[in-house]
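Subject: A structure for you to look at

Hi there,

Here is the structure I promised to pass on. Please open it alongside this note, and I will walk you through what turned up.

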Amino acid sequence: PQGEGTRALAYALEALAIARDIGHTQWEAGAECAVGSALTDLLATDEARAHLNRAMELGREMNWGLWLGQSRAMLIDALLVARATKEALSLYEDAAVDGIGGFGPRELFASGTDAVLVSGDLERAFSMLDRLEAEAARSGPGKALRLQRTRGRALVAAGNVVPGIEMMGD
């Protein structure tokens, strides 16, 4: 978030090397996500996809929904950055997400909401945003910045430009 992408990538790669060296699968999955996220931020989406696919594979091997959901969410984000909207939406739809409680599923649902919005299905995107915002309200006070920005983009897409821009600017 501070704009030090290359530094973040270096630390994430170091964490990945350590996790692999000690054979810690859970930390390896987390580090793969961190590397993939940093690469997405640096617009190196092909490389990000490779790391995020590996994190998904590790999540499946561990049968751990948190890492599977988190890595899939980050992969959807990378695909959207790469403008691979159909692939991102397909990846979300294949996940068959029902609940949005918990970190992995909530992130996956949020990324899926972005994919649905980019695909042009505004009615569904607004419905998904309503669910996410209700869940965020139950989680405690404070704004969910990602949801606020997604809501703003949805409002702009629906023709409510000024309120949408205002929402994204808060």
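Let's start with a pair of helices. Helix α7 (residues 122-138) packs against helix α8 (residues 145-157) at an angle of about 155°, and their axes are 10 Å apart. That angle makes α7 roughly antiparallel to α8, since angles over 145 degrees count as roughly antiparallel, under 35 as roughly parallel, 65 to 115 as roughly perpendicular and the rest as oblique. The crossing of α7 and α8 is left-handed, a term used if the near helix is turned anticlockwise from the far one by less than a right angle, while clockwise would be right-handed. Axes here are lines fitted to C-alpha atoms, for helices over the stretch in contact, and angles run from 0 to 180 degrees between N-to-C directions. The helices themselves are DSSP runs (H or I, at least four residues), numbered from the N terminus.

Before going further, a word on the source: this is a predicted model, in which local features need pLDDT of at least 70 and side-chain atom pairs count only at pLDDT 80 or more, while totals for chains, interfaces and linings use all residues. Residues are numbered from 1 along each chain as its sequence is written, and side-chain values use heavy atoms, with hydrogens and water left out.

Aspartate 130 is partly exposed because its relative accessible area is 45%, whereas arginine 151 counts as buried at 12%. For these words, buried means under 20% relative accessible area, exposed over 50%, and partly exposed in between (1.4 Å probe, protein chains only).

How many salt bridges does a search of the whole structure find? It finds 14, counting a side-chain nitrogen of Lys or Arg within 4 Å of a carboxyl oxygen of Asp or Glu. As background, side chains of opposite charge can pair when their charged atoms come close.

One group is worth a look: Arg20, Glu28, Glu32, Arg54, Glu57 and Glu61 are linked in a network of salt bridges. Within it, arginine 20 pairs with glutamate 28, the closest N and O atoms being 3.4 Å apart. Arginine 20 is partly exposed at 45% relative accessibility, but glutamate 28 is buried at 9%. Arginine 54 and glutamate 61 also form a salt bridge, with 3.9 Å from N to O. Here arginine 54 is partly exposed at 25%, and glutamate 61 is exposed at 54%.

α3 and α4 pack at an angle of about 160°, with axes 8 Å apart, so α3 is roughly antiparallel to α4. Their crossing is left-handed.

Which residue in the loop between α3 (45-62) and α4 (65-81) stands out? Asparagine 63 is found there, with a phi near 55°, a positive value in a residue other than glycine. Asparagine 63 is exposed, at 69% relative accessibility. Arginine 83, in the loop between α4 and α5 (85-95), likewise has a positive phi, near 65°, and is exposed at 74%. For context, most residues other than glycine have a negative phi.

Alanine 84 lies in that loop between α4 and α5 too, but counts as buried at 18% relative accessibility.

On the subject of distances along the chain, glutamine 26 and methionine 62 are 36 residues apart, and their C-alpha atoms are separated by 7.9 Å. Glutamine 26 lies in helix α2 (residues 25-41) and is partly exposed, with a relative accessible area of 27%. Alanine 84 and threonine 6 are 78 residues apart in sequence and 24 Å apart in space, C-alpha to C-alpha.

Last, the surface. Val156, Val161, Ile165 and Met168 make a nonpolar patch of about 290 Å². Helix α9 (residues 161-169) gives the largest share, three residues. Valine 161 is in helix α9 and is partly exposed, at 41% relative accessibility. Patches are made of residues with over 30% relative accessible area and no salt bridge, joining like charges within 9 Å and nonpolar side chains (Val, Leu, Ile, Met, Phe, Trp, Tyr) within 5 Å. Accessible areas come from the Shrake-Rupley method with a 1.4 Å probe, and for residues only the protein chains shown count as cover.

Enjoy exploring!

Best wishes

Technical notes. Helix = DSSP H or I, 4+ residues; strand = E, 2+ residues; numbered from the N terminus.
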